[in-house]
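Please look at the sequence and the model first, then read on.

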Amino acid sequence: MSDEVTAEWLARQVQDRSASGIASEVSQLINTGELQVGTRLPSVRELAVHLRVSPATVSAAWTSLKRFGSVESRGRAGTRVLGPQAPHPRRYSSEFTDAESAVLDLGLSVPDPALLPDLTRYLRPHEIAGLHQYKRVPIHAPLESAARQHWPYPADTLAALSSGYEGLLMALRTFVRPGDNVIVEEPSPPRLLDSVEHVGARLLPVRRDAEGVRLDDLERALARKPTVMVLQPGVHNPDGNALSAARADAIADLIQDHALLTIEDDGLGLLTDRPLHTLAERRPDQRRIFVRSFSKSHGPDLRLAVVEGGEREIEQLSGFWEFGARWASRILQDALARMLTDPVAWQTLDRARGEYARRRQAFIERFDLADRAHGQGLLDVWLHVRNERRAVVTLAANGVSCLGAHLFYTGQAPDFIRVSTSLMQGTEWTVLDRAVRALNRQP
């Protein structure tokens, strides 16, 4: 087959002319190889004429295929076949591209295993009542009690899930329908943007400043009648700023008359001791989900996050989880509960917090980056550079991987990179000295 197919030919291959039917049958053509990688597909309007359906129907089919990674749009070059694909987070997956060959991987914002509490001290499965019983409990009672003591506001209903990002994805799958508008911050983590696209929603980006999302952008986005807004109230990934109390008040006032579910992602959780100003505490009687992860504070292999919201919202979210795991490991929930009530674990957390801050500051001072480093992050630095793409390539050529701003934006990205400092112990300076010198020589 040539690298382009006609609308007439493709229309003859499609029997079911609903949006889902078109997507399914074109997907089968891709899977069998009748539509090969690189093949250019007809325009939406042209195919709609031959199928005798509306352009919106074909557009919806193409959107579904894009979500699965089977096709991609290339502007004037049209829509082309990528090949048979499984759904995957395209932005998040690309984070690992340069890391595979890097001498020094500064792309992922991760905790240092040496700074985490010793999990083995807290694993006591023989003391857990009802262990291995197929009885779904939204949250292990000791963890619920411990989590409430450290929640940033009086919590309503709690449930435990396997990681913060699963909490976000479960909330999106539960409350978002294909075609819904979802407000996201600009910038936002790649995995979050991937998750919103995966559920078939349309991204409505609102820009941020040092205090949180800009109110003028938010007001314009609200006019699009979004169903959900996703925010990070704490130390923001990647810009390092946190939502201020004044901005949280203003946002709560602005959205109070909108039928809008808010999802707040507390990714650093208890790892940071900065004040947390949430929308959830400002709209206790409105629809909300608050997700607190314990991966960076207490360990990624705990696979635990706690979500909070109104009773109805948590019941709906937990009900959706019945399709899968049904409950988070009671062994790990019990271990986390013990950590949250043990002074030794809190001392470990305090030491880790101080060490991460020291490592970040050491990197900034060594390379005189104070004027180019934005925000007050903890595990990484949001760094202004002359040219984002060149900076990423230059560092990679010198054995250092990082993340470019384009992964965090839905549109045109500014010239920033995110450099993780959480694993820096001083042994990396030889590699970094050479890489940063090359970066500074950029025109």
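Eight strands make up an open sheet of mixed pairing, in the order 4-11-10-9-8-5-6-7. Its edge strands, each pairing on one side only, are strand 4 and strand 7. Strands (E, at least two residues) and helices (H or I, at least four) are DSSP runs, numbered from the N terminus, and two strands pair if DSSP finds at least two bridges between them.

The model is predicted, so local features need pLDDT of at least 70 and side-chain atom pairs count only at pLDDT 80 or more, while totals for chains, interfaces and linings use all residues. Residues are numbered from 1 along each chain as its sequence is written, and side-chain values use heavy atoms, with hydrogens and water left out.

**Pairs within the sheet and beyond**

| Strands | Sense | Bridges |
|---|---|---|
| Strand 5 (residues 181–186) and strand 6 (residues 202–209) | parallel | six bridges |
| Strand 6 and strand 7 (residues 212–213) | antiparallel | two bridges |
| Strand 8 (residues 228–231) and strand 9 (residues 261–266) | parallel | four bridges |
| Strand 12 (residues 373–374) and strand 13 | antiparallel | two bridges |
| Strand 13 and strand 16 (residues 416–420) | antiparallel | five bridges |

Strand 5 and strand 6 pair in the parallel sense, and Glu 186 stands opposite Arg 207 in strand 6. Between these two strands the chain passes through helix 8 (residues 190–198), and this β-α-β crossover is right-handed. A crossover has that hand if, with the strands pointing away from the viewer, the path from the first strand over the helix to the second runs clockwise.

Strand 6 and strand 7 form a hairpin with two residues between them. Here Asp 209 has Gly 212, in strand 7, as its bridge partner.

Strand 8 runs parallel to strand 9, with Leu 231 opposite Glu 264 in strand 9. Helix 8 packs on the sheet, where it touches strand 5, strand 6 and strand 8, and its direction makes about 170° with that of strand 5. Axes are lines fitted to C-alpha atoms, for helices over the stretch in contact, and angles run from 0 to 180 degrees between N-to-C directions. Contact means heavy atoms within 4.5 Å.

Thr 262 is placed in strand 9. With a relative accessible area of 1%, Thr 262 is buried; that word stands for under 20% relative accessible area (1.4 Å probe, protein chains only). Apart from neighbours within four places in sequence, the contacts of Thr 262 include Met 229, Ile 255 and Leu 279, together with Arg 283, Arg 287, Arg 288 and Ile 289.

**Helices**

Helix 13 (residues 330–340) is mostly covered, as ten of its eleven residues are buried. Among them are Leu 332, Ala 335, Leu 336, Met 339 and Leu 340. The buried residues of helix 13 pack against helix 6 (141–149), strand 4 (157–161), helix 11 (295–298) and helix 14 (343–366). At the N-terminal end, Ser 329 caps helix 13, with a side-chain oxygen 3.3 Å from the backbone nitrogen of Ile 331.

The axes of helix 7 (residues 164–175) and helix 12 (residues 311–321) come within 9 Å and cross at roughly 100°. The two helices are therefore roughly perpendicular to each other, a label for angles of 65 to 115 degrees. Residues making this contact include Met 170, Arg 173 and Phe 175 of helix 7 and Leu 317, Phe 320 and Trp 321 of helix 12.

Strand 13 (residues 380–384) is largely enclosed by the rest of the structure, because four of its five residues are buried. Strand 12 and strand 13 form a hairpin with five residues between them, and Gly 375 in the turn has a positive phi of about 70°. Ala 373 stands opposite Leu 383 in strand 13, and Leu 383 in turn stands opposite Ile 417 in strand 16.

Val 381 also belongs to strand 13 and counts as buried at 0% relative accessibility. Not counting residues up to four places away in sequence, Val 381 touches several residues, including Arg 360, Phe 363, Ile 364, Ala 373 and Ile 417. The C-alpha atoms of Val 381 and Phe 416 are 9.9 Å apart, with the two residues 35 apart along the chain.

**Gln 442**

Gln 442 lies in the segment after helix 16 (429–440). This residue, Gln 442, counts as buried at 8% relative accessibility. Leaving aside neighbours within four places in sequence, Gln 442 is in contact with Arg 386, Asn 387, Arg 390, Ala 391 and Thr 394. Gln 442 and Thr 394 are 48 residues apart along the chain, and their C-alpha atoms are separated by 8.5 Å.

Conventions
Buried means under 20% relative accessible area, exposed over 50%, partly exposed in between (1.4 Å probe, protein chains only). A polar contact is a pair of N or O atoms within 3.5 Å; within protein, one must be able to donate a hydrogen and the other to accept it, and residues adjacent in sequence count only if both atoms are side-chain atoms. Angles under 35 degrees count as roughly parallel, over 145 as roughly antiparallel, 65 to 115 as roughly perpendicular and the rest as oblique.
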